[in-house]
Amino acid sequence: MRRLLLALALCLGASSSTAEEVVLGLSSDTVSINTNFDGSEILIFGAVKRDAPFPADPQMHVIVTVSGPSEPAVVRRKEKKFGIWVNTDSVEIDSAPSFYAVSTSTMLGMSLSETEDVRHKISIPRAIRSVDAPDNITDSETFTDALIRIKTASEQYQLNEGTVSVDEQTLFRTSIDLPAALTEGDYETRIFLTRAGAVVAQYETSIYVRKVGMERWLFTLSREQSFLYGLMSLAIAIFAGWGASAIFGLLRR
Amino acid sequence: MQIYLPIAEVSVNAFLLLGLGGIVGILSGMFGVGGGFLMTPLLFFIGIPPAVAVATEANQIVASSFSGVLAHFKRKTVDLRMGTVLLIGGLIGAALGVYVFNILKAQGQVDLLVKLCYVVFLGVIGGLMFFESLNAIRNVKKGKAPKRKKHNWIHGLPFKMRFRVSGLYISVIPPLIVGVAVGVLAAIMGVGGGFIMVPAMIYLLGMPTKVVVGTSLFQIIFVTAFTTMLHATTNYTVDIVLAVLLLVGGVVGAQIGTRIGVKMKAEQLRILLAIMVLAVCGKLALELLLQPAELYSIAAGGH
């Protein structure tokens, strides 16, 4: 009896995240970039493991985020001065992911409250960290907006609402398109289960994006043996120049 | 056919690059310009990061210039002596230019300065060449003999040297100064400098147009080879896959261009180069004057 009470107390007292747990599968946890790499699609699927029967209400929603390696960036704004367009104001973004995709089972605003978004940094604007704007710039958020706008246009940033399908409140799956212009690194993948706007369970894993084969070899050579790499580039250039000249010389005869 | 570039980290169409290389190669062989001032903006346009575009372009110019200069060697239209004098000046100038570039970079606005430099130089050079060649063509039609070898103050300078291929007997000071000036500009603007060198050789040094092309290509090989090594070892921005795609088109184009150039009259060659220079100038000027579609731009880095 005491044990039962203790269990009950634990259930009530502890955060509900212990009650529901994510079990995840990936179509592949590595993305290989070879010479004819032209973008890739990753299938993310999983199930919700529960200790007790799930409550029917409020409904469960699933949010999946995939985030590429973060790096600092500078956003510049052009202004017309003396009749020509020049870069004037600039804002430094401390850290912006090179790639960021948010996929949800319903509208993001419905499945996530503002405070939970701030805590877990889920939506695209929250994933970008910008701390200090210069004093002379009062509208620093327009610079962040511009960064998101430009990156969204090139599919580096994606907000895919309603693309996570959830079956029987238990099974979920989605696919994420990785663009052709992809940088190397560990792509942090997070899955959030939410109820009534609050995160009730979360799971993290990584997708490894790596160059392979000739791409790998050339990239490593260019960093570690840069002098040799430069000489090799020149040798190829000279040889190609000579080759074309020789072939054209033969053709004329 | 899409190909992923290992250093640029973007995927591009291989045939598009072959075609671009070919077109720029033809121009290179015809006019003795490296073509960097045309190719670099084109590479920006198809989404290659600027730093990679500038560095890789230098490597491609080595190939197309080498291909072009071999064709000129066969015709004996390379003035090796003049080329060497210009090259010495050019390397001194390039070193000076890198120094100036770093000072300007520290003060910001280097992009604007480069663009303004382009517009002013391309505009002045293109305009002068255009009207001069137009007059030359008119004179030829009227039957007047073109006057060459004017005697002016340049011929009064000391350290005279005989440049047999160019048919000149002048002081080495003017070619050295031209070399240094072009070297400085080339380093600041990130190009081989052929489009400034060629008009300077024709109008300031009085060299025959046919010899100018080969000699310019000769010295461009060395300047761009130097630039390639500099970029490869300090910035790691030379993309060898991109370079190969561009240079395969480029070397073939250079061979074709050289043959077209030989068949054309000197005045026609000059007026075409002038039109091309003015077109690039006009495009850059419009970029500065018209409101861009996106006012914001992203650059990597920060502190």
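Trainee: What percentage of the 253 residues of chain A count as buried?

Mentor: A residue is buried if 20 or more other C-beta atoms lie within 10 Å of its own, exposed if 12 or fewer, and partly exposed in between, with C-beta atoms placed from the backbone. Of the 253 residues of chain A, 29% count as buried. This is a predicted model, in which local features need pLDDT of at least 70 and side-chain atom pairs count only at pLDDT 80 or more, whereas totals for chains, interfaces and linings use all residues. Residues are numbered from 1 along each chain as its sequence is written, and chains are lettered from A and ligands numbered from 1 in the order in which they are written.

Trainee: What radius of gyration does chain A have?

Mentor: The radius of gyration is taken over C-alpha atoms, and the globule rule is 2.2 Å times the number of residues to the power 0.38. Chain A has 25 Å, while a compact globule of 253 residues would have a value near 18 Å. Along the principal axes, its C-alpha atoms fill a box of roughly 100 × 50 × 30 Å.

Trainee: Which domains does the assignment give for chain A?

Mentor: Domain bounds come from an automatic or database domain assignment. For chain A this gives domain 1 (3-211) and domain 2 (213-253). Their C-alpha centres lie 42 Å apart. Four residues from domain 1 of chain A and five residues from domain 2 of chain A make up the contact, where two residues are in contact if their C-beta atoms, placed from the backbone, lie within 7 Å.

Trainee: How many residues of chain B are in contact with chain A?

Mentor: There are 47 residues of chain B in contact with 47 residues of chain A. The largest share of the chain B side, nine residues, comes from α9(B); helices (H or I, at least four residues) and strands (E, at least two) are DSSP runs, numbered from the N terminus.

Trainee: Which residues are buried in α10(B)?

Mentor: An α-helix has 3.6 residues a turn, so residues three or four places apart point the same way. In α10(B), the buried residues are L269(B), R270(B), L273(B), A274(B), V277(B), C281(B) and L284(B).

Trainee: Which residues have the most contacts inside the largest nonpolar core?

Mentor: A nonpolar core is a set of buried Ala, Val, Leu, Ile, Met, Phe, Trp, Tyr and Cys residues joined through C-beta atoms within 7 Å. The largest has 133 residues, and L5(B), V198(B) and L247(B) have the most contacts inside it. Domain 1 (3-211) and domain 2 (213-253) of chain A both give residues to this core, so it lies between them.
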